[in-house]
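Visitor: I would like to learn how to read a structure of this kind step by step, from single residues up to whole chains. Could you take me through it?

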Amino acid sequence: MNYCTKSFAFLFVVLLFVAGCGTDESRSVTAVSWGGSYGRAINEGVNIPFAEESGIGVVVEDYNGGLAQIRAQVEIGEIHWDLVDLEIAHAMRGCDEGLLERLDINQLPPSPDGIPAAEDFLAGTFTDCGMGTFFWSMVYAYNEENILSETKPSTMADFFDLNTFPGRRGMRRVPQMNIEFALIADGVPLDQVYATMSTPDGLDRAFAKLDMIKEDVIWWEAGAQPPQMLADGEVIMSTAYNGRIFNAQVLEDQPFVIVWHGQLLSIGQMVIVAGTPRLDEALEYLKFASTPEAMSRVSNRISYSPARRSGASLVATHVATGIEMEPHMPASTANVAHAVRYDWSWWADHQDQMNERFSAWLAQ
Amino acid sequence: MAGPIKLSGGSGYRAKLRALGLVAPLLIFIVVTFVAPLGTMLVRSVYDPVVADAFPETLELLDDWDGLALPPEAVYAMVAREIKRAGDERTLGQVASRVNRVQGGLRSAITRTERELREIEQGPWRESMTTIDSVWADSAVWYAIKTTGERFTARHYWNALDLQSLPDGSVVRQPEDRRIYLRLLWRTLMISGLITVLCLILGYPIAHLIACSSPSRANLLLILVLVPFWTSLLVRTTAWIVLLQTQGVLNEFLVTIGLISDGGRLAMIYNMTGTIVAMTHVLLPFMVLPLYSVMSSIPSTQMDAAASLGATPVQAFLRVYWPQSLPGVGAGALLVFILAIGYYITPALVGGSDGQLISNMIAYHMQTSLNWGLAAALGGVLLLIVLVLYAVYERLLGVEKIGLGG
């Protein structure tokens, strides 16, 4: 009701000062990201090295995604956030609405062996206002200890198969990605998913498929919930962000298994908020974050694939445990074979209507 | 501020000014943090100039359009020009997202049209626009532009009440699979009412116990009420998850004592039950504290007097104690109910699919869909309900009966 009290779920975390450089206050940028283990990887891989190298302080804030705060800041004309890590759908929308600075890919440094950034970034990762950061994916995972049958889930259809794998499922309480999953499970070829969703019959088919497991679904909101629910045995399988599952696997030794079949691959975007008084510093940060070295430092900490080819080629082993990163990467050759590229533009067109339909469906 | 009678001229005026100076910080604080944002949001629910500002001349031409046939070439030419201009001024995205709310798919159609129109210098516009995207051959797009072009609009309120206006001017209910808000509103009121009743049933005996205890024991009991009150809301909600989830403490206990089988564990969280239990716990102190403060002013000797005059305990309670505790009941119930209908975090965390309240939808439209007009309209409806309830309460009991003690 009152937008001053609406939950600004961000936290002021750290102000990274550079030792011995005597940074003055004006030379600092505020970089906003998702927090959690991903936020830590960004801190270690980008923020701290950037502050040390450039002498520009980095104020780190966490948020929960979305454009609301950016829009509020731009409308009032008081920009506190300079750089924000956005989902691509929001980056495109924010760009269209004039909330974000337009970026020029030619300003970014080339790869170490001289390939210009425009060719080095994978197709579709660099947009008008957003620099591609990392591929992340929505997958489903199960807890090996809780699936006692001989055969283990291996396809998206298994997620919807209550006969073979009885038990509760976790799904994110939004229509996007669940509709895709339902159609993949129903046998729609991976390259036909969005074409099918564009027909009324296709949508009915998706909801009919979702109906089959509706009674057994526990809906989650925050990315931290699925690993928790899997560990507690609250659900036997759950859709989840692949990085969260990876974290639980390697850092907490959880017996989780990711099923890569039908994974939905999306790309994160780093954007600059329109009208920031610290544009030069923000651009400098962006250039630094775009370097293959910075990207691979992040990807060696959490299993999200760099948007640049040269960055991906530098990814090797996990810094804390030394395990090979390749099998955990959503965009690795083996895992990408059964992936669907998330079509943000379809959702930009249909979000409002789909959300109403999904909410009505949930309430039935 | 000036009173009808000036008692001592200038000094009275100065005293008033001084008094005003003392309350000024509070007054400014309330205006800045409460009245102004609330006002802006309510204005947003009926005022939306984005499309009107971007397409002024197109909308003027559409004034005498019948809403059924396709408009003439001149309108296409004008909208093409205004689309290009909005593209240059970077307002087209906001226009597109508004039009898209009337009909899905128009967002990308409009932005694509803008991109491709850059290559086109002259007409026929209708033909080239239809080639770019076939939506321009459908009168629905023109209706969408025309309705979103109304500067002052009731459409957010229609939407909030599960209604829609049609091209012929009539207002009808939304199709079945898009009706969500009224049901949600009704559920919010029902759950809030139930929580209020539960809080009263649980809180009344506690408050009575505290009021009747010796000071040292009352202190201890009050602390027991206040410690959860001071504990973070998130901590308390998470604690309920630990207790109530399928593999949680309560279910484990019930399975261990053999009351339920391992396969028949109860679903007590991530549904409406979870919302009701957690919210009742969270809001309980708001019931207990006003009750306690009213009850502590009721002399305990009155009950003894009633008994000595031959009243049974039930009679004494109903005729002596209960009427005197009513102001506390009213205050507590109103407080709990009003807090409950605007509650947001607890249902979001433990509500699952059927324990969501209207405030969760408002948050969604504030933060994710960025449909602030609709969020404001939903908030407006909620505000209206609170005001109506308050008025009803006032009519029935009188506001002066609300006692917060003291």
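Guide: Let us begin with a single residue in this predicted model. B:Tyr270 is buried, because 27 other C-beta atoms lie within 10 Å, and the cut-off for that label is 20 or more.

Visitor: Where does B:Tyr270 lie in chain B, and what is its phi?

Guide: B:Tyr270 sits in the loop between helix H13 (249-256) and helix H14 (272-295) of chain B, and its phi is positive, about 60 degrees, although the residue is not a glycine.

Visitor: Which label, buried, partly exposed or exposed, does B:Arg90 receive?

Guide: B:Arg90 counts as partly exposed because it has 16 C-beta neighbours inside 10 Å. Its phi is near 60 degrees, again a positive value in a residue other than glycine, and its place is the loop between helix H4 (73-89) and helix H5 (92-102) of chain B.

Visitor: How should I read the burial of a whole helix, such as helix H18 of chain B?

Guide: The general idea is that an α-helix has 3.6 residues a turn, so residues three or four places apart point the same way. In helix H18 (residues 358-367) of chain B, 9 of the 10 residues are buried, so the helix is largely enclosed by the rest of the structure. Among the buried residues of H18(B) are B:Ile358, B:Met361, B:Tyr364 and B:His365.

Visitor: Which elements do the buried residues of H18(B) pack against?

Guide: They pack against H2 of chain A, together with helix H10 (181-212), helix H17 (345-350) and helix H19 (372-397) of chain B.

Visitor: What can be said of chain B as a whole, in its elements and its dimensions?

Guide: Chain B has 19 helices and 2 strands, and its C-alpha trace spans about 100 × 85 × 35 Å along the principal axes. Its radius of gyration is 30 Å, whereas a compact globule of 406 residues would have one near 22 Å. Of these 406 residues, 36% count as buried, and among the contacts in chain B with a separation of 6 or more, 70% are made by residues 24 or more positions apart.

Visitor: How do I read a strand, taking strand E4 of chain A as the case?

Guide: In a regular strand the side chains alternate between the two faces of the sheet. In strand E4 (residues 83-87) of chain A, A:Leu83, A:Asp85 and A:Glu87 point one way and A:Val84 and A:Leu86 the other way. The strand is mostly covered, with 5 of its 5 residues buried.

Visitor: Which strands pair with E4(A), and in which sense, parallel or antiparallel?

Guide: Strand E2 (residues 28-33) of chain A pairs with E4(A) in the parallel sense over 2 bridges, and A:Val32 stands opposite A:Val84 there. E4(A) and E9(A) run antiparallel and are joined by 5 bridges, with A:Glu87 opposite A:Gly268 in E9(A).

Visitor: How is chain A divided into domains, and how many residues are in contact between them?

Guide: The domain assignment gives domain 1 (12-135 + 267-333) and domain 2 (136-266 + 340-363) of chain A, whose centres, taken over C-alpha atoms, are 28 Å apart. In chain A, 20 residues of domain 1 are in contact with 14 residues of domain 2. On the domain 1 side, helix H3 (88-96) of chain A is one of the elements that give two or more residues, and H3(A) gives the most, with 4 residues. That side divides into 12 nonpolar, 7 polar and 1 charged.

Visitor: What does the side of chain A that touches chain B consist of?

Guide: 33 residues of chain A are in contact with 43 residues of chain B. Helix H2 (68-76), H3, strand E7 (217-220) and helix H15 (344-363) of chain A each supply at least two residues of the chain A side, and H15(A) gives the most, with 14 residues. The residues of that side divide into 11 nonpolar, 10 polar and 12 charged.

Visitor: Where in chain A is the confidence lowest, and where is it highest?

Guide: Where pLDDT is low, the predicted coordinates should not be read in detail. The mean pLDDT of chain A is 89, and 93% of its residues reach 70 or more. Confidence in chain A is lowest in strand E1 (residues 12-16), at a mean of 40, and highest in helix H6 (residues 178-185), at 97. Over residues 1-23 of chain A pLDDT stays under 50, and for these residues the model has 46 contacts beyond four places in sequence.

Definitions and conventions: Residues numbered from 1 in each chain as written. Chains lettered and ligands numbered in written order. Predicted model: local features only at pLDDT ≥ 70, side-chain atom pairs only at ≥ 80, totals over all residues. Domains from an automatic or database assignment. Contact = placed C-beta atoms within 7 Å. Nonpolar A, V, L, I, M, F, W, Y, C, P; charged D, E, K, R; others polar. Buried ≥ 20, exposed ≤ 12 C-beta atoms within 10 Å, placed from the backbone. Pairing = 2+ DSSP bridges. Rg over C-alpha atoms; globule rule 2.2 N^0.38 Å. pLDDT = per-residue confidence, 0-100.
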